[in-house]
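Biologist: I have not worked with this one before. Could you take me through it step by step?

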There are 2 protein chains.
Amino acid sequence: MDPVKVIEIKKSVFADNDKDADELRRELKKRGVFLLNLMSSPGSGKTTTLIRTINLIKDKIRVAVMEADIDSDVDAVKIREATGIPSIQLHTGGMCHLDAEMTRQGLDNVDLGGADLVILENVGNLVCPAEFDTGAVRNAMILSVPEGDDKPLKYPLMFSICDLVLVNKIDVLPWFDFDLEKCKEYVRMRNPKARVLPVCAKTGEGLDAFAQWLLDEVREWKR
Amino acid sequence: MDPVKVIEIKKSVFADNDKDADELRRELKKRGVFLLNLMSSPGSGKTTTLIRTINLIKDKIRVAVMEADIDSDVDAVKIREATGIPSIQLHTGGMCHLDAEMTRQGLDNVDLGGADLVILENVGNLVCPAEFDTGAVRNAMILSVPEGDDKPLKYPLMFSICDLVLVNKIDVLPWFDFDLEKCKEYVRMRNPKARVLPVCAKTGEGLDAFAQWLLDEVREWKR
């Protein structure tokens, strides 16, 4: 297999990120490409969740992945090996988030191969990525059980901008003080419209619901 | 009890953070105050670790805590209720890190009460806090088992600047694919001098070693 493509992302020079993000969304709409911005803390299970979910939908729609990381290309390699779909690595050079222009630099370098769905795995960080519209059609995030049910109280912006919250690692609920109902209530405080899906990327539990959400959203976007 | 003091931190206007940080360290040395900058991902167990460790040392040295958070004052309240030591909350107003000037704003507002040790609990984030010297004497971080043993590969700067890495939640090692030896090796790759201490804040396991490290460091600093 060829080595995974690694793009060194350059800092944006555009002043108006919101405008640039809207412009990118319009282009994606025209091309019929649905872009999902997936965010989380470090170690919440983004890559494992993606691998299992992509394998559930890759025969139904064409999927590509852009993995953003400060360094290393382990995630892009993992994704490609485990799913066979096109996957590139974006190096942010120490930057803590992606904005619309940086996302565009990634999209210009990924062989979309007529992709219906491009998933951007943002830098593991609950703070900065929430502040920058990437141009994605939808924002989703993963909160894992070991992080605690109080995270929507502490990272309000992140939860308020996400359309979907996956609560991952529910297999370890018995060993952690994590109240799923309380967590849902906190998420609703920040964003009454956000959908919360409990999942376990390790066993696959709940990922059919995430896969269905993706399929529905992509179909809606391509209408 | 009085309500916990909440300080709204203002963005720094100082251009040279490194210079400001060195200046702050010199002042702290003169006053005999040891400042520890404690960093981690969201939900790694910083507050619980602090509570149990402070209770091990508070009869030997005088401790105060500054809790940095984007919003909410739950951590400062928890620390004060569980330990009885002075504790204030710093609101960063959405900012993802603290620098030396912001740390100084906090120190100016905490009643140090002749503190020997001030612990700054930084914003939960493995990226940005690593880029800004807070003026602390030592940097420490917590990596929790559920986050995965590969984090030193993905967040190189954070691990390279930390003098101490606490590996927390070792009680759940049986339920996660986390190789402690591999993790130590990765930490050493980033920083050969860093000390790695496996702990469990929930049960207290290993925290006596963290407490002893703090006592030794404070004594050394006050010489």
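**A walk through the model**

Modeller: Let us start with contacts: of those in chain A between residues at least 6 apart in sequence, 79% join residues at least 24 apart. Please keep in mind that this is a predicted model.

Biologist: How many helices and strands does chain A have?

Modeller: Chain A contains 8 helices and 8 strands. Its radius of gyration is 16 Å, close to the 17 Å that the globule rule gives for 223 residues, so chain A is as compact as a globular protein of that length.

Biologist: What does the C-alpha trace of chain A span along its principal axes?

Modeller: The spans are about 45 × 40 × 35 Å. As for burial, 52% of the 223 residues in chain A are buried.

Biologist: In what order do the strands of the open sheet in chain A come?

Modeller: The order is β1-β4-β3-β5-β2-β6-β7-β8, 8 strands in an open sheet with parallel pairing. At the edges stand β1 (6–8) and β8 (195–198) of chain A; each has a single partner strand, so one side of each is left without a neighbour in the sheet. On average, neighbouring strands of this sheet are turned by 20° against each other, direction ignored.

Biologist: Over how many bridges do β1(A) and β4 of chain A pair?

Modeller: β1(A) and β4 (residues 87–91) of chain A pair over 3 bridges, in the parallel sense. Within that pairing, A:I7 stands opposite A:L90 in β4(A).

Biologist: Which strands does helix α8 of chain A touch?

Modeller: Helix α8 (residues 207–221) of chain A packs on the sheet and touches β2 (34–40), β5 (117–121), β6 (138–144), β7 (164–168) and β8 of chain A. The direction of this helix makes about 145° with that of β2(A).

Biologist: Another helix, then. How far does α2 of chain A reach?

Modeller: Helix α2 (residues 46–57) of chain A has 12 residues and reaches 16 Å from its first C-alpha to its last, close to the 16 Å expected at 1.5 Å a residue.

Biologist: And which residues of α2(A) are buried?

Modeller: The buried residues in α2(A) are A:K46, A:T47, A:T49, A:L50, A:R52, A:T53, A:I54 and A:I57. As background, an α-helix has 3.6 residues a turn, so residues three or four places apart point the same way.

Biologist: Which residue is the bridge partner of B:E8 in β4(B)?

Modeller: The partner of B:E8 is B:H91. β1(B) and β4 (residues 87–91) of chain B run parallel and are joined by 3 bridges.

Biologist: What about β6(B): how many of its residues are buried?

Modeller: β6(B) is mostly covered, with 6 of its 7 residues buried. β6(B) pairs with β2(B) in the parallel sense over 5 bridges, and B:N37 stands opposite B:N139 in β6(B). Another 5 bridges join β6(B) to β7(B), again running parallel; there B:A140 stands opposite B:L164 in β7(B).

Biologist: Now the pair itself. How many residues does the contact take from each chain?

Modeller: The contact takes 30 residues from chain B and 30 residues from chain A. The elements of chain B that give two or more residues to the side touching chain A are α5 (151–154) and α6 (156–161). Of the elements, α5(B) gives the most to that side, with 3 residues.

Biologist: Why do the copies meet through the same surface?

Modeller: 100% of the interface residues of chain B are also interface residues in chain A, so the copies meet through the same surface.

Conventions. Residues numbered from 1 in each chain as written. Chains lettered and ligands numbered in written order. Predicted model: local features only at pLDDT ≥ 70, side-chain atom pairs only at ≥ 80, totals over all residues. Contact = placed C-beta atoms within 7 Å. Helix = DSSP H or I, 4+ residues; strand = E, 2+ residues; numbered from the N terminus. Expected span 1.5 Å × (residues − 1). Buried ≥ 20, exposed ≤ 12 C-beta atoms within 10 Å, placed from the backbone. Rg over C-alpha atoms; globule rule 2.2 N^0.38 Å. Pairing = 2+ DSSP bridges. Axes fitted to C-alpha atoms, helices over the stretch in contact; angles between N-to-C directions.
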